[in-house]
Amino acid sequence: MPDQTIQQVEIDGGVVVGVDSSASSLRALLVAAEEARLRNGVLHVVRAWSLRTAPRPADCPPNVVPSLDQFQQSVIEDTERIVSNKLGDHTDLAIQIHVVHSPSPQALLSASKGADMLVVGHRGRGGFAGLMLGSVAEQCVRHAACPVLVVRPNV
């Protein structure tokens with residue numbers, strides 16, 4: 001069950017992966033799932049969101065501004081769909097989804113404090129397409145409290 005109340009992610013062991021629906025993060029999800037299986041640990045899927053990045057709730061009329069709770073629920077549903085679509089039947093893997101209304105670096109770095117490994121895509125949806133390493137991945141590499149694996153989408 002997703003944790004809907006926290007602004008930081010606190011875990012105790014396992015592999016953490018940041019997901020934002022970019023091609024790089026989807027590849028990172030697959031790699032993190034394999035790492036969690038190899039370690040016989042929990043896969044913690046972290047999705048940080050803001051009003052700018054959250055998918056609009058499908059049941060919200062066009063002229064209405066959704067509440068934060070509606071956005072949160074929409075992000076939870078979208079993240080569950082992403083995990084299900086990419087990992088399929090994952091009965092061999094314990095998965096916890098953490099959806100956080102927070103900047104991505106803050107959420108991932110807080111999760112890294114209790115993680116065995118942090119897996120991130122080399123760059124997310126924003127920024128410049130030519131960058132070899134996005135700002136979130138760079139902050140994670142520089143400041144994470146655990147080993148960080150940076151994954152490219154085509155590797």
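Predicted model: local features only at pLDDT ≥ 70, side-chain atom pairs only at ≥ 80, totals over all residues.
1. As background, strands of a sheet pair through backbone hydrogen bonds, either parallel or antiparallel.

2. **Strands S1 and S4.** Next, pick out strand S1 (residues 15–18), which runs parallel to S4 and is joined to S4 by 3 bridges.

3. **Two crossing helices.** Two packed helices are described by the angle between their axes and the distance between the axes. Here, helix H1 (residues 23–39) and helix H2 (residues 68–87) have axes that come within 10 Å and cross at roughly 65°. This crossing of H1 and H2 is right-handed. On the H1 side the contact is made by Leu26, Leu29, Leu30 and Ala33, while H2 brings Ile82, Val83, Lys86 and Leu87. Sorted by type, the residues of this contact of H1 with H2 are 7 nonpolar, no polar and 1 charged.

4. **Thr79.** Staying with helix H2, have a look at Thr79, which lies in that helix. Thr79 counts as buried because its relative accessibility is 0%, and the cut-off for buried is under 20%. A polar atom of the Thr79 side chain lies 2.7 Å from the backbone oxygen of Val75. Setting aside neighbours within four places in sequence, Thr79 is in contact with Val45, Arg47, Ile97 and Val99.

5. **Asp116.** Finally, turn to the loop between helix H3 (104–112) and strand S4 (117–121), where you will find Asp116. Is Asp116 buried, exposed or partly exposed? Asp116 counts as partly exposed because its relative accessibility is 42%, and that class covers values between the limits of 20% and 50%. Not counting residues up to four places away in sequence, Asp116 touches Gly13, Gly14, Arg39, Cys146 and Pro147. Asp116 and Ile11 are 105 residues apart in sequence, yet their C-alpha atoms are 9.9 Å apart in space.

Key
Residues numbered from 1 in each chain as written. Heavy atoms only, no water. Helix = DSSP H or I, 4+ residues; strand = E, 2+ residues; numbered from the N terminus. Buried < 20%, exposed > 50% of the residue type's maximum accessible area, 1.4 Å probe, protein only. Contact = heavy atoms within 4.5 Å. Axes fitted to C-alpha atoms, helices over the stretch in contact; angles between N-to-C directions. Left-handed = near helix turned anticlockwise from the far one by under 90°. Nonpolar A, V, L, I, M, F, W, Y, C, P; charged D, E, K, R; others polar. Polar contact = N/O pair within 3.5 Å; in protein donor to acceptor, adjacent residues only side chain to side chain. Pairing = 2+ DSSP bridges.
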